[in-house]
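Biologist: I am new to this structure. Please take me through it, and say what the terms rest on.

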Amino acid sequence: MKPTFSLRLKIFNLNCWGIPFLSKHRADRVKRLGDFLNMESFDLVLLEEVWSEQDFQYLRQKLLPTYPAAHYFRSGIIGSGLCVFSKHPIQEFTQHVFTLNGYPYMVHHGDWFCGKAVGLLVLHLSGLVLNAYVTHLHAEYSRQKDIYLAHRVAQAWELAQFIHHTSKKADVVLLCGDLNLHPKDLGCRLLKEWTGLHDAFLETRDFKGSEEGCTMVPENCYVNQRELEQFPVGIRIDYVLYKAVSGLYISCKTLKTTTGSDPHSGTPLSDHEALMATLCVRHSPPQHNPSPTHGPAERSPLINVLREAWTEVDQGLAQARWWATIAGYVIGLGLILLVLLCALAAGGGIKEIAILLWTPNVGLVLGAGAFYLFHMQEAKSLCRVRAELQHVLGRARETQDLSPESEQALLLGQQEGDRAEEQ
(Lines give C-alpha, C1' and ligand atoms only; values in the text may rest on other atoms or scores of the structure.)
Protein backbone atom coordinates (compact mmCIF):
# COMPACT_ATOMS: atom_id res chain seq x y z
CA MET A 1 0.00 0.00 0.00
CA LYS A 2 1.57 3.28 -1.09
CA PRO A 3 1.59 6.08 1.48
CA THR A 4 -0.83 8.98 1.23
CA PHE A 5 0.86 11.85 -0.51
CA SER A 6 0.52 14.70 -2.97
CA LEU A 7 3.18 14.87 -5.68
CA ARG A 8 3.67 17.94 -7.83
CA LEU A 9 5.56 17.82 -11.14
CA LYS A 10 6.69 20.80 -13.21
CA ILE A 11 7.06 19.85 -16.87
CA PHE A 12 8.61 21.77 -19.77
CA ASN A 13 8.32 20.81 -23.45
CA LEU A 14 9.63 22.58 -26.56
CA ASN A 15 10.35 21.83 -30.19
CA CYS A 16 13.66 23.73 -30.37
CA TRP A 17 13.93 24.10 -34.17
CA GLY A 18 17.66 23.42 -33.97
CA ILE A 19 18.66 22.62 -37.55
CA PRO A 20 22.40 23.31 -38.03
CA PHE A 21 23.15 25.98 -40.67
CA LEU A 22 19.42 26.47 -41.45
CA SER A 23 17.64 27.55 -38.25
CA LYS A 24 18.01 31.26 -37.54
CA HIS A 25 19.91 32.39 -34.44
CA ARG A 26 20.25 28.78 -33.26
CA ALA A 27 23.27 29.26 -31.01
CA ASP A 28 21.75 32.31 -29.31
CA ARG A 29 18.41 30.58 -28.81
CA VAL A 30 20.06 27.48 -27.29
CA LYS A 31 22.00 29.70 -24.88
CA ARG A 32 18.87 31.57 -23.81
CA LEU A 33 16.97 28.29 -23.46
CA GLY A 34 19.62 27.05 -21.02
CA ASP A 35 19.41 30.29 -19.01
CA PHE A 36 15.62 30.05 -18.86
CA LEU A 37 15.59 26.38 -17.77
CA ASN A 38 18.11 27.03 -15.00
CA MET A 39 16.03 29.96 -13.79
CA GLU A 40 12.71 28.07 -13.71
CA SER A 41 13.97 24.73 -12.35
CA PHE A 42 11.47 22.23 -13.77
CA ASP A 43 11.30 18.62 -12.66
CA LEU A 44 11.48 17.35 -16.21
CA VAL A 45 12.48 18.99 -19.50
CA LEU A 46 11.61 17.27 -22.78
CA LEU A 47 12.95 18.71 -26.04
CA GLU A 48 12.50 17.94 -29.73
CA GLU A 49 14.51 19.00 -32.81
CA VAL A 50 17.83 19.26 -30.99
CA TRP A 51 19.43 17.98 -34.19
CA SER A 52 22.99 18.87 -33.21
CA GLU A 53 24.53 16.70 -30.51
CA GLN A 54 26.87 19.60 -29.79
CA ASP A 55 23.83 21.65 -28.76
CA PHE A 56 22.80 18.84 -26.41
CA GLN A 57 26.28 18.67 -24.89
CA TYR A 58 26.26 22.44 -24.42
CA LEU A 59 22.91 22.26 -22.63
CA ARG A 60 24.10 19.22 -20.67
CA GLN A 61 27.00 21.18 -19.17
CA LYS A 62 24.99 24.34 -18.65
CA LEU A 63 22.09 22.56 -16.94
CA LEU A 64 24.13 20.05 -14.93
CA PRO A 65 23.76 21.83 -11.54
CA THR A 66 19.96 22.05 -11.92
CA TYR A 67 19.27 18.91 -13.95
CA PRO A 68 21.90 16.28 -13.04
CA ALA A 69 20.29 13.56 -15.21
CA ALA A 70 20.02 13.79 -19.00
CA HIS A 71 19.86 11.62 -22.09
CA TYR A 72 20.07 12.15 -25.86
CA PHE A 73 18.16 9.68 -28.05
CA ARG A 74 20.23 8.71 -31.09
CA SER A 75 18.76 7.18 -34.25
CA GLY A 76 18.70 7.42 -38.02
CA ILE A 77 21.30 9.32 -40.03
CA ILE A 78 20.76 12.79 -38.60
CA GLY A 79 19.29 11.69 -35.28
CA SER A 80 15.89 11.69 -33.58
CA GLY A 81 16.41 15.21 -32.21
CA LEU A 82 14.94 14.07 -28.87
CA CYS A 83 16.55 14.69 -25.48
CA VAL A 84 15.53 14.97 -21.84
CA PHE A 85 16.85 16.69 -18.73
CA SER A 86 15.69 15.64 -15.29
CA LYS A 87 16.07 16.93 -11.76
CA HIS A 88 15.55 13.34 -10.58
CA PRO A 89 17.65 10.23 -11.32
CA ILE A 90 16.71 8.32 -14.48
CA GLN A 91 16.21 4.65 -13.61
CA GLU A 92 15.84 3.31 -17.15
CA PHE A 93 15.63 4.60 -20.71
CA THR A 94 14.97 3.17 -24.14
CA GLN A 95 13.52 4.20 -27.49
CA HIS A 96 11.50 2.93 -30.41
CA VAL A 97 12.26 4.16 -33.94
CA PHE A 98 9.16 4.42 -36.12
CA THR A 99 9.02 1.88 -38.93
CA LEU A 100 7.64 4.38 -41.45
CA ASN A 101 8.99 7.90 -41.68
CA GLY A 102 8.48 9.41 -45.10
CA TYR A 103 10.40 8.80 -48.32
CA PRO A 104 14.19 8.90 -48.84
CA TYR A 105 13.83 10.54 -52.26
CA MET A 106 11.96 13.51 -50.71
CA VAL A 107 15.32 14.95 -49.70
CA HIS A 108 13.98 18.52 -49.33
CA HIS A 109 11.68 17.33 -46.50
CA GLY A 110 14.35 15.27 -44.76
CA ASP A 111 12.15 13.37 -42.29
CA TRP A 112 13.34 9.97 -43.52
CA PHE A 113 16.94 10.81 -42.64
CA CYS A 114 16.05 11.81 -39.08
CA GLY A 115 15.00 8.41 -37.74
CA LYS A 116 12.09 9.89 -35.80
CA ALA A 117 11.25 7.96 -32.69
CA VAL A 118 9.70 7.89 -29.24
CA GLY A 119 12.00 7.98 -26.25
CA LEU A 120 11.09 6.55 -22.84
CA LEU A 121 12.61 7.26 -19.46
CA VAL A 122 11.51 5.74 -16.15
CA LEU A 123 11.66 7.76 -12.93
CA HIS A 124 10.92 6.72 -9.35
CA LEU A 125 9.28 9.58 -7.45
CA SER A 126 7.92 9.30 -3.90
CA GLY A 127 7.42 5.58 -4.32
CA LEU A 128 5.69 5.94 -7.69
CA VAL A 129 6.89 4.80 -11.10
CA LEU A 130 6.68 7.52 -13.75
CA ASN A 131 7.00 6.59 -17.42
CA ALA A 132 7.81 9.76 -19.38
CA TYR A 133 7.75 9.64 -23.18
CA VAL A 134 9.03 12.24 -25.65
CA THR A 135 8.32 12.04 -29.36
CA HIS A 136 8.22 13.86 -32.70
CA LEU A 137 6.05 12.57 -35.54
CA HIS A 138 6.39 13.18 -39.29
CA ALA A 139 5.69 16.75 -40.38
CA GLU A 140 2.61 17.76 -42.34
CA TYR A 141 3.76 19.70 -45.40
CA SER A 142 0.38 20.11 -47.06
CA ARG A 143 -3.01 20.03 -45.37
CA GLN A 144 -4.85 19.75 -48.69
CA LYS A 145 -2.71 16.97 -50.23
CA ASP A 146 -0.99 15.16 -47.38
CA ILE A 147 1.08 12.38 -48.94
CA TYR A 148 2.38 11.41 -45.49
CA LEU A 149 -0.99 10.91 -43.79
CA ALA A 150 -0.82 7.10 -43.75
CA HIS A 151 2.71 7.26 -42.33
CA ARG A 152 1.66 9.67 -39.58
CA VAL A 153 -1.35 7.52 -38.66
CA ALA A 154 0.94 4.46 -38.58
CA GLN A 155 3.36 6.38 -36.35
CA ALA A 156 0.53 7.40 -34.02
CA TRP A 157 -0.50 3.74 -33.76
CA GLU A 158 3.08 2.57 -33.13
CA LEU A 159 3.42 5.28 -30.48
CA ALA A 160 0.15 4.21 -28.83
CA GLN A 161 1.19 0.56 -28.91
CA PHE A 162 4.64 1.35 -27.47
CA ILE A 163 3.06 3.26 -24.59
CA HIS A 164 0.44 0.55 -24.09
CA HIS A 165 3.01 -2.26 -23.84
CA THR A 166 5.72 -0.44 -21.85
CA SER A 167 3.58 1.36 -19.26
CA LYS A 168 1.89 -1.61 -17.60
CA LYS A 169 4.08 -1.31 -14.49
CA ALA A 170 3.88 2.48 -14.35
CA ASP A 171 1.78 4.44 -11.87
CA VAL A 172 1.85 7.63 -13.92
CA VAL A 173 2.28 8.03 -17.70
CA LEU A 174 3.40 11.28 -19.33
CA LEU A 175 3.75 11.97 -23.05
CA CYS A 176 5.16 15.22 -24.41
CA GLY A 177 6.19 16.19 -27.88
CA ASP A 178 5.46 17.60 -31.30
CA LEU A 179 2.86 15.24 -32.74
CA ASN A 180 2.36 17.31 -35.92
CA LEU A 181 -1.33 16.55 -35.43
CA HIS A 182 -4.20 18.94 -34.81
CA PRO A 183 -6.40 17.98 -31.83
CA LYS A 184 -9.17 16.51 -34.00
CA ASP A 185 -6.87 14.76 -36.50
CA LEU A 186 -7.23 11.02 -36.85
CA GLY A 187 -3.79 10.21 -35.43
CA CYS A 188 -4.38 12.32 -32.31
CA ARG A 189 -7.78 10.77 -31.64
CA LEU A 190 -6.39 7.27 -32.21
CA LEU A 191 -3.53 7.88 -29.76
CA LYS A 192 -5.77 9.23 -27.01
CA GLU A 193 -8.54 6.66 -27.43
CA TRP A 194 -6.19 3.67 -27.33
CA THR A 195 -3.95 4.86 -24.47
CA GLY A 196 -6.51 6.75 -22.39
CA LEU A 197 -4.21 9.78 -22.11
CA HIS A 198 -5.69 13.13 -21.12
CA ASP A 199 -4.85 16.43 -22.82
CA ALA A 200 -3.45 19.00 -20.38
CA PHE A 201 -4.91 21.91 -22.36
CA LEU A 202 -8.41 20.44 -22.21
CA GLU A 203 -8.16 19.34 -18.57
CA THR A 204 -6.53 22.29 -16.83
CA ARG A 205 -8.60 24.99 -15.14
CA ASP A 206 -5.75 27.48 -15.10
CA PHE A 207 -4.43 28.18 -18.59
CA LYS A 208 -2.30 31.16 -19.59
CA GLY A 209 -0.81 31.61 -23.01
CA SER A 210 -1.62 31.76 -26.69
CA GLU A 211 -5.20 31.72 -27.91
CA GLU A 212 -6.71 28.21 -28.01
CA GLY A 213 -3.42 26.83 -26.71
CA CYS A 214 -1.78 27.13 -30.13
CA THR A 215 1.90 26.20 -30.29
CA MET A 216 2.61 27.76 -33.69
CA VAL A 217 1.31 31.32 -33.78
CA PRO A 218 1.54 34.17 -36.32
CA GLU A 219 3.09 36.45 -33.68
CA ASN A 220 6.25 34.32 -33.73
CA CYS A 221 8.77 35.92 -36.11
CA TYR A 222 10.32 32.53 -36.98
CA VAL A 223 7.07 30.97 -38.19
CA ASN A 224 6.47 30.63 -41.93
CA GLN A 225 3.31 32.71 -42.25
CA ARG A 226 2.19 30.85 -45.38
CA GLU A 227 1.75 27.71 -43.25
CA LEU A 228 -0.80 29.56 -41.11
CA GLU A 229 -2.84 31.18 -43.88
CA GLN A 230 -5.82 28.94 -43.12
CA PHE A 231 -5.32 29.29 -39.37
CA PRO A 232 -5.27 32.98 -38.38
CA VAL A 233 -5.07 32.14 -34.67
CA GLY A 234 -2.40 29.47 -35.14
CA ILE A 235 -2.26 25.69 -34.77
CA ARG A 236 -1.87 23.37 -31.78
CA ILE A 237 0.43 20.45 -32.59
CA ASP A 238 2.55 20.19 -29.41
CA TYR A 239 1.06 18.38 -26.42
CA VAL A 240 1.35 17.41 -22.79
CA LEU A 241 -0.67 14.22 -22.28
CA TYR A 242 -0.94 12.18 -19.09
CA LYS A 243 -2.82 9.54 -17.09
CA ALA A 244 -2.56 7.62 -13.82
CA VAL A 245 -3.49 4.09 -12.81
CA SER A 246 -6.62 3.27 -10.84
CA GLY A 247 -6.28 4.40 -7.24
CA LEU A 248 -4.35 7.51 -8.21
CA TYR A 249 -5.70 10.82 -9.43
CA ILE A 250 -3.67 13.13 -11.69
CA SER A 251 -4.68 16.63 -12.67
CA CYS A 252 -3.13 19.56 -14.50
CA LYS A 253 -3.03 22.42 -12.00
CA THR A 254 -1.63 24.98 -14.43
CA LEU A 255 -0.64 25.10 -18.09
CA LYS A 256 1.25 27.94 -19.72
CA THR A 257 2.55 28.56 -23.20
CA THR A 258 4.83 31.23 -24.56
CA THR A 259 3.06 33.62 -26.90
CA GLY A 260 5.50 34.19 -29.72
CA SER A 261 8.33 35.48 -27.58
CA ASP A 262 10.68 34.43 -24.78
CA PRO A 263 9.18 35.24 -21.35
CA HIS A 264 12.25 37.30 -20.40
CA SER A 265 14.19 38.53 -23.45
CA GLY A 266 11.20 39.14 -25.73
CA THR A 267 12.55 37.14 -28.69
CA PRO A 268 11.30 33.60 -29.43
CA LEU A 269 13.11 30.50 -28.21
CA SER A 270 11.91 28.62 -31.30
CA ASP A 271 9.35 28.70 -34.10
CA HIS A 272 7.18 26.58 -31.73
CA GLU A 273 5.79 27.77 -28.42
CA ALA A 274 6.96 26.16 -25.20
CA LEU A 275 4.55 24.24 -22.95
CA MET A 276 4.91 24.50 -19.16
CA ALA A 277 2.61 22.29 -17.09
CA THR A 278 2.22 21.67 -13.38
CA LEU A 279 0.78 18.22 -12.70
CA CYS A 280 -0.52 17.02 -9.32
CA VAL A 281 -0.72 13.33 -8.39
CA ARG A 282 -2.51 12.09 -5.30
CA HIS A 283 -4.50 9.17 -4.00
CA SER A 284 -7.96 9.51 -5.45
CA PRO A 285 -11.13 9.43 -3.39
CA PRO A 286 -13.59 6.68 -4.43
CA GLN A 287 -15.63 8.98 -6.63
CA HIS A 288 -12.52 9.91 -8.61
CA ASN A 289 -11.28 6.41 -9.35
CA PRO A 290 -10.78 6.33 -13.09
CA SER A 291 -12.81 3.81 -15.03
CA PRO A 292 -11.05 1.21 -17.22
CA THR A 293 -9.54 2.70 -20.33
CA HIS A 294 -11.60 0.58 -22.69
CA GLY A 295 -14.77 -0.34 -20.79
CA PRO A 296 -17.85 -1.55 -22.70
CA ALA A 297 -19.59 1.82 -22.42
CA GLU A 298 -16.59 3.49 -24.05
CA ARG A 299 -16.19 1.11 -26.97
CA SER A 300 -18.08 3.08 -29.59
CA PRO A 301 -15.59 6.00 -29.95
CA LEU A 302 -12.71 3.53 -29.96
CA ILE A 303 -14.32 1.39 -32.65
CA ASN A 304 -15.01 4.44 -34.80
CA VAL A 305 -11.45 5.73 -34.66
CA LEU A 306 -9.99 2.25 -35.22
CA ARG A 307 -12.18 1.89 -38.30
CA GLU A 308 -11.03 5.28 -39.62
CA ALA A 309 -7.39 4.39 -39.02
CA TRP A 310 -7.78 1.02 -40.73
CA THR A 311 -9.30 2.72 -43.79
CA GLU A 312 -6.51 5.30 -44.02
CA VAL A 313 -3.75 2.71 -43.62
CA ASP A 314 -5.45 0.47 -46.20
CA GLN A 315 -5.44 3.35 -48.70
CA GLY A 316 -1.78 3.98 -47.98
CA LEU A 317 -1.08 0.28 -48.50
CA ALA A 318 -2.79 0.32 -51.92
CA GLN A 319 -0.73 3.38 -52.91
CA ALA A 320 2.54 1.75 -51.79
CA ARG A 321 1.76 -1.41 -53.78
CA TRP A 322 0.90 0.71 -56.83
CA TRP A 323 4.28 2.48 -56.70
CA ALA A 324 6.07 -0.86 -56.23
CA THR A 325 4.26 -2.24 -59.28
CA ILE A 326 5.23 0.76 -61.41
CA ALA A 327 8.84 0.37 -60.28
CA GLY A 328 8.69 -3.32 -61.19
CA TYR A 329 7.57 -2.48 -64.74
CA VAL A 330 10.39 0.06 -65.08
CA ILE A 331 12.92 -2.55 -63.91
CA GLY A 332 11.62 -5.03 -66.49
CA LEU A 333 11.73 -2.45 -69.26
CA GLY A 334 15.24 -1.40 -68.26
CA LEU A 335 16.49 -4.98 -68.30
CA ILE A 336 15.03 -5.53 -71.78
CA LEU A 337 16.77 -2.37 -72.98
CA LEU A 338 20.06 -3.57 -71.47
CA VAL A 339 19.77 -6.84 -73.40
CA LEU A 340 19.06 -4.94 -76.64
CA LEU A 341 22.01 -2.60 -76.05
CA CYS A 342 24.28 -5.57 -75.44
CA ALA A 343 23.10 -7.17 -78.70
CA LEU A 344 23.67 -3.93 -80.63
CA ALA A 345 27.12 -3.47 -79.13
CA ALA A 346 28.07 -7.06 -79.97
CA GLY A 347 26.79 -6.63 -83.55
CA GLY A 348 28.96 -3.59 -84.05
CA GLY A 349 26.34 -1.70 -86.06
CA ILE A 350 25.79 1.22 -83.73
CA LYS A 351 28.26 0.27 -81.06
CA GLU A 352 29.03 3.83 -80.00
CA ILE A 353 25.37 4.69 -79.41
CA ALA A 354 24.81 1.45 -77.48
CA ILE A 355 27.78 2.16 -75.20
CA LEU A 356 26.58 5.75 -74.70
CA LEU A 357 23.11 4.59 -73.60
CA TRP A 358 24.44 1.80 -71.38
CA THR A 359 25.30 3.93 -68.33
CA PRO A 360 22.00 5.87 -68.00
CA ASN A 361 20.05 2.66 -68.52
CA VAL A 362 21.97 0.91 -65.74
CA GLY A 363 21.28 3.93 -63.53
CA LEU A 364 17.57 3.68 -64.39
CA VAL A 365 17.45 0.00 -63.42
CA LEU A 366 19.32 0.58 -60.17
CA GLY A 367 17.16 3.59 -59.26
CA ALA A 368 13.95 1.71 -60.04
CA GLY A 369 15.26 -1.23 -58.00
CA ALA A 370 15.85 0.97 -54.96
CA PHE A 371 12.41 2.55 -55.46
CA TYR A 372 10.82 -0.92 -55.65
CA LEU A 373 12.56 -2.19 -52.52
CA PHE A 374 11.59 0.87 -50.48
CA HIS A 375 7.92 0.75 -51.44
CA MET A 376 7.79 -3.00 -50.85
CA GLN A 377 9.13 -2.35 -47.34
CA GLU A 378 6.55 0.42 -46.94
CA ALA A 379 3.77 -1.92 -48.07
CA LYS A 380 4.81 -4.63 -45.61
CA SER A 381 4.96 -2.14 -42.73
CA LEU A 382 1.52 -0.74 -43.56
CA CYS A 383 0.21 -4.30 -43.92
CA ARG A 384 1.47 -5.06 -40.41
CA VAL A 385 -0.19 -1.96 -38.98
CA ARG A 386 -3.42 -2.78 -40.80
CA ALA A 387 -3.40 -6.31 -39.38
CA GLU A 388 -2.90 -5.00 -35.84
CA LEU A 389 -5.71 -2.49 -36.25
CA GLN A 390 -8.00 -5.15 -37.71
CA HIS A 391 -7.29 -7.49 -34.80
CA VAL A 392 -7.90 -4.81 -32.17
CA LEU A 393 -11.03 -3.67 -33.99
CA GLY A 394 -12.35 -7.22 -34.02
CA ARG A 395 -11.68 -7.63 -30.29
CA ALA A 396 -13.37 -4.31 -29.56
CA ARG A 397 -16.46 -5.37 -31.48
CA GLU A 398 -16.57 -8.73 -29.72
CA THR A 399 -16.49 -7.14 -26.27
CA GLN A 400 -18.78 -4.20 -27.00
CA ASP A 401 -21.93 -5.86 -25.67
CA LEU A 402 -20.30 -8.08 -23.04
CA SER A 403 -20.66 -7.54 -19.31
CA PRO A 404 -17.56 -6.29 -17.46
CA GLU A 405 -16.99 -9.79 -16.03
CA SER A 406 -17.20 -11.45 -19.43
CA GLU A 407 -14.94 -8.82 -20.98
CA GLN A 408 -12.35 -9.30 -18.24
CA ALA A 409 -12.39 -13.07 -18.79
CA LEU A 410 -12.00 -12.54 -22.54
CA LEU A 411 -9.01 -10.25 -22.06
CA LEU A 412 -7.40 -12.69 -19.64
CA GLY A 413 -7.92 -15.47 -22.17
CA GLN A 414 -6.19 -13.39 -24.85
CA GLN A 415 -3.26 -12.70 -22.51
CA GLU A 416 -2.92 -16.42 -21.76
CA GLY A 417 -2.93 -17.12 -25.49
CA ASP A 418 -0.29 -14.47 -26.12
CA ARG A 419 1.95 -16.02 -23.42
CA ALA A 420 1.45 -19.48 -24.87
CA GLU A 421 2.50 -18.22 -28.32
CA GLU A 422 5.62 -16.62 -26.85
CA GLN A 423 6.59 -19.93 -25.25
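Modeller: This is a predicted model. A place to begin is L130, which stands opposite V172 in β8.

Biologist: How do you know that β7 and β8 pair?

Modeller: Pairing needs at least two bridges. Strand β7 (residues 128-136) and strand β8 (residues 172-178) have seven bridges between them, so they count as paired. They run in the parallel sense.

Biologist: Which sheet holds these strands?

Modeller: An open sheet of six strands, in the order β5-β6-β7-β8-β11-β9 and with mixed pairing.

Biologist: What makes β5 and β9 edge strands?

Modeller: β5 (92-97) and β9 (198-199) each pair on one side only.

Biologist: Which strands does helix α5 touch as it packs on this sheet?

Modeller: Helix α5 (residues 186-195) touches β8, β9 and β11. Touching here means heavy atoms within 4.5 Å. The direction of α5 makes about 15° with that of β11.

Biologist: What is the strand order of the seven-stranded sheet?

Modeller: The order is β3-β4-β2-β1-β13-β12-β10; this sheet is open too, and its pairing is mixed. At its edges are β3 (69-73) and β10 (207-208), each with pairing on one side only. Helix α1 (residues 26-40) packs on this sheet, in contact with β1 (6-18), β2 (44-50) and β13. The directions of α1 and β1 make an angle of about 175°.

Biologist: How many bridges join β12 to β13?

Modeller: Nine, between β12 (residues 248-257) and β13 (residues 275-283), and these strands run antiparallel. Among the facing residues, I250 stands opposite V281 in β13, and T257 stands opposite L275 in β13.

Biologist: What makes β12 count as mostly covered?

Modeller: A residue is buried when its relative accessible area is under 20%. Seven of the 10 residues of β12 are buried.

Biologist: Why is S381 called buried?

Modeller: The relative accessible area of S381 is 7%. Buried means under 20%, so S381 falls in that class. S381 is found in helix α8 (residues 351-399). Leaving aside neighbours within four places in sequence, S381 is in contact with T99 and L100.

Biologist: How do you know where empty space is left?

Modeller: A probe the size of a water molecule is rolled over the atoms. In this model, the search finds four cavities of 30 Å³ or more.

Biologist: What makes a space a cavity, and what makes it a pocket?

Modeller: In a cavity the probe fits but cannot get out, whereas a pocket is open. The largest cavity holds about 90 Å³ of space. The residues that line this cavity include L14, R26, E49, D55 and L269. β1, α1, β2 and α2 (53-63) each give two or more residues to that lining, and α1 has the largest share, with four.

Biologist: How many residues of each class line the largest cavity?

Modeller: Seven nonpolar, one polar and four charged. G18 is among the lining residues, and Gly is counted as polar.

Biologist: Which elements give two or more residues to the lining of the second largest cavity?

Modeller: They are α6 (200-203) and β11 (238-244), and β11 gives the largest share, three residues. The volume is about 50 Å³. D199, F201, R236, Y239 and L275 are among the residues of this lining, which has six nonpolar, two polar and three charged residues.

Biologist: Which residues lie nearest the centre of the second largest pocket?

Modeller: A139, E140, Y141, E227 and D271, out of 40 lining residues. The volume of this pocket is about 1,200 Å³. β1 and α3 (111-114) each give two or more residues to the lining, and α3 gives the most, with three. By class, the lining has 18 nonpolar, 12 polar and 10 charged residues.

Terms used:
Residues numbered from 1 in each chain as written. Predicted model: local features only at pLDDT ≥ 70, side-chain atom pairs only at ≥ 80, totals over all residues. Heavy atoms only, no water. Axes fitted to C-alpha atoms, helices over the stretch in contact; angles between N-to-C directions. Buried < 20%, exposed > 50% of the residue type's maximum accessible area, 1.4 Å probe, protein only. 1 Å grid on protein atoms, 1.4 Å probe; cavity = no way out; pocket = protein on both sides within 12 Å on 5 of 7 lines; lining within 4 Å. Points joined across faces, edges and corners; volume = space filled by probe spheres on them.
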